[in-house]
Amino acid sequence: MLTLNGTIKSLTPKGVGTFFPERAAKKRGIEESLLSVFLKWGFQEIVTPGFEYLDVLSEGIDEELIDKSYKFIDRGTGRILVLRPDITSQIARIAATSLAEKPGPMRFCYSANVFRYEEEHAGRQREIFQIGGELLGIDLPEADAEMIAIAVESLKKIGLRDFEIAMGHIGFFKGMLNGFGLDSQAEGKVRDAFSKKEMLKVEGLLTGFNKAKRERFLKISELFGKEEILDRAEAICDNKESRAAIRNIMDVYRILKLYGLDEYILIDLTEVRGFDYYSGILFEVFVKGIGYEIGSGGRYDGLLSRFGQPSPATGFAFNVERLIAAMEAQGIEPENGGVDFLIIDFNKDKTNAIKLAKTLREKGYNVARDIIKRDLKDSVSYAKEWRIAKVIVLGSRELKRDEALLIDTAGDKRKRIKIDQLFI
Amino acid sequence: MKKIKNKESEKDRLESLTIALPKGKLLEPSIKLFSQIGIKVKGVLKDTRKLIFDVPAKDVRFLIIRAIDVPTYVEYGACDMGIVGKDVLMEQEKDVYEPIDLGYGYCQIIVAEPQDAGLQKAGSRIRIATKYPNITERYFSQKGLQVEIIKLYGSIELAPLMGLSEQIVDLISTGRTLKENGLVVVERVAESTARLIVNRASMKIKYKRVKEIIEDVKKVI
């Protein structure tokens, strides 16, 4: 145990952790798979800065998220810096400023970590690895459908099954709530209670208002399910904004049907969470076996204008660690990663080892050399410890000059083979 | 990476549900509630050591755990739904849905102090013993008062008698225990009843079953 000045202290702060090789391989596998899906859809990767000026970025992020951000002072200018808590607002800033002259639409994807001071909670870390994409410059339903289609394709690509995309629209709820003419504080209270589905509390907060209007509002809590709930939603609509929201969902849903993805979609008008900057279609990704969403996104048409250049936009991000948890819960092993061979050469002259390693690597295997001088027994247990699948021994005393020993570490099976065979 | 197809038929079959019930006062009415909607579980009240009860006919599993653990099991999705008092939810602020107020298990969270406390506390820093440090902290900081919170795990009403604290924040149903210990209620912080809580993912992934249970429960309360 490491002690500092004689006292026992944690080595790492809460909410961050090391990805040891096995887990790191899973993370890398997911990143490669998901980024390749984005690239196939014509997205281009973008790398945003790790920290930014708070006064600039805060134009684009909610107060609550700013509260949760890690801040420090810039040594050069004395201005406050913020460790990026959100990639979407960074991309919005970049698109609205540096890329303002470029023709749209713009399609960007990223794999990046963000930092948020979260209370310890189910599946919450303070360093969060995200993979996501943003489609900027299009306000049509087809853009929202494209993002959802990419999300579904991503999930399938890494082998997940039994997932649902819960799709809603913030405009529906906003329109229904507007009619009460509450101030923003009271609206916030209704929204909080509603997001926990505490309908009695919502009812209490709305007592004294028109009864029919209130009843209609309370019915929103029942609006999740398949396509048929849209009719019921239309029936309780009492304003333009909500009606437009329903039409928008119908349009997106129709396109998702063309993609053949409607079976994955759950229409959910009861969800009112997410960042302030969301303005239209919202969605969250749920998968069997994990108790919280593994990704989320939506339309944020007002965000770019906060950085001086109005433009519609939509996007989403997956939480990589939650994807790993989902894959583990469903028993899916990534195919890549790990070391395939460990080569041990007891000869003084290492020509054979170097040549063999080169050949195997060219064939696509991951090959390590032992190099250290130690007994074969110790080398084999080393290979087991690090989960190296096979050991190849060259030049040990019991072997003939043209022979090698191949050891399968899993079952400790050994067999002698001709060295030439290894080069085939 | 392996690919496995999402099958519609898999989604449509009866989804199994795990439901967390709290030990203690809320257990009996909760079991009654589920039996009223046709999910009958036997022997829970008799066999107090057994923690898991299956109702195979309905594909439901009940977990009997401590009330303070119910929100955690539900938030992580280890249980799809559960029943727990609002006091516990207010204290823990877990990310779960609370769609139904079941009405039973009515209690109040109150501030109490010894009957003969008098005016001694004016200006001095108040110490408050409680099982609910978060509720207490929120309540007093909203009033702009700084208090010293002493977290205890049981028999809170003893603290002022032994000079450990000036006041307590505790849950009462009849108020008899307070009276017996010479304490009086000075403020009411909140009211609490039993709530049905639901995991966020279960609400979406198993929405047909969850919805069905919510509808059924609403009919009988």
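In this predicted model, the rule finds 1 salt bridge across the interface of domain 1 and domain 2 of chain B. Side chains of opposite charge can pair when their charged atoms come close. Polar contacts also cross this boundary, with 7 residue pairs found, both partners at pLDDT 80 or more.

Domain 1 of chain B takes in residues 15-104 together with 193-220, while domain 2 covers 107-192. Domain 2 of chain B therefore sits in the numbering between the two segments of domain 1, as the bounds from the domain assignment show. Taken over C-alpha atoms, the centres of the two domains are separated by 30 Å. Where they meet, 8 residues of domain 1 of chain B are in contact with 13 residues of domain 2 of chain B. The size of an interface is often given as the accessible area lost when the parts come together. Here the area buried between the two domains of chain B is about 790 Å², and carbon and sulfur atoms give 45% of that.

Let us now move to the boundary between the chains. Here 43 residues of chain A are in contact with 31 residues of chain B. The area buried between chain A and chain B is about 3,500 Å², with carbon and sulfur atoms giving 50% of it. Across this interface the rule finds 8 salt bridges, and 10 residue pairs are in polar contact, both residues at pLDDT 80 or more. Several elements of chain A give two or more residues to the side that touches chain B, among them helix H1 (21-40), helix H5 (141-157) and strand E12 (281-287). By class, the residues on this side of chain A divide into 16 nonpolar, 8 polar and 19 charged.

A:Glu271 forms a salt bridge with B:Arg200, the closest N and O atoms being 3.5 Å apart. B:Lys204 forms another with A:Asp268, and there the closest N and O atoms are 2.4 Å apart. Because B:Lys204 lies in helix H8 of chain B, residues 200-205, and A:Asp268 lies in strand E11 of chain A, this pair joins two chains. Over all chains, the count by this rule comes to 40 salt bridges.

Chain A itself deserves a look. This chain has 15 helices and 19 strands. Its domain assignment gives domain 1 as residues 21-329 and domain 2 as residues 341-422, and the centres of these domains of chain A, taken over C-alpha atoms, are 51 Å apart. How does the radius of gyration of chain A stand against that of a compact globule, and what are the values? A compact globule of 424 residues would have a radius of gyration near 22 Å, but chain A has 28 Å. Along the principal axes, the C-alpha atoms of chain A fill a box of roughly 95 × 55 × 45 Å.

In chain A, a cis peptide bond joins A:Gly104 and A:Pro105, with omega about -5°; A:Pro105 lies in the loop between helix H4 (87-96) and strand E7 (106-115). In chain B, look at B:Asp59, a residue other than glycine whose phi is positive, near 55°. B:Asp59 lies in the loop between strand E2 (52-55) and strand E3 (60-65) of chain B.

How values were computed. Residues numbered from 1 in each chain as written. Chains lettered and ligands numbered in written order. Predicted model: local features only at pLDDT ≥ 70, side-chain atom pairs only at ≥ 80, totals over all residues. Heavy atoms only, no water. Contact = heavy atoms within 4.5 Å. Buried area = accessible area lost by both parts, 1.4 Å probe. Salt bridge = Lys/Arg side-chain N within 4 Å of Asp/Glu carboxyl O. Polar contact = N/O pair within 3.5 Å; in protein donor to acceptor, adjacent residues only side chain to side chain. Helix = DSSP H or I, 4+ residues; strand = E, 2+ residues; numbered from the N terminus. Nonpolar A, V, L, I, M, F, W, Y, C, P; charged D, E, K, R; others polar. Rg over C-alpha atoms; globule rule 2.2 N^0.38 Å.
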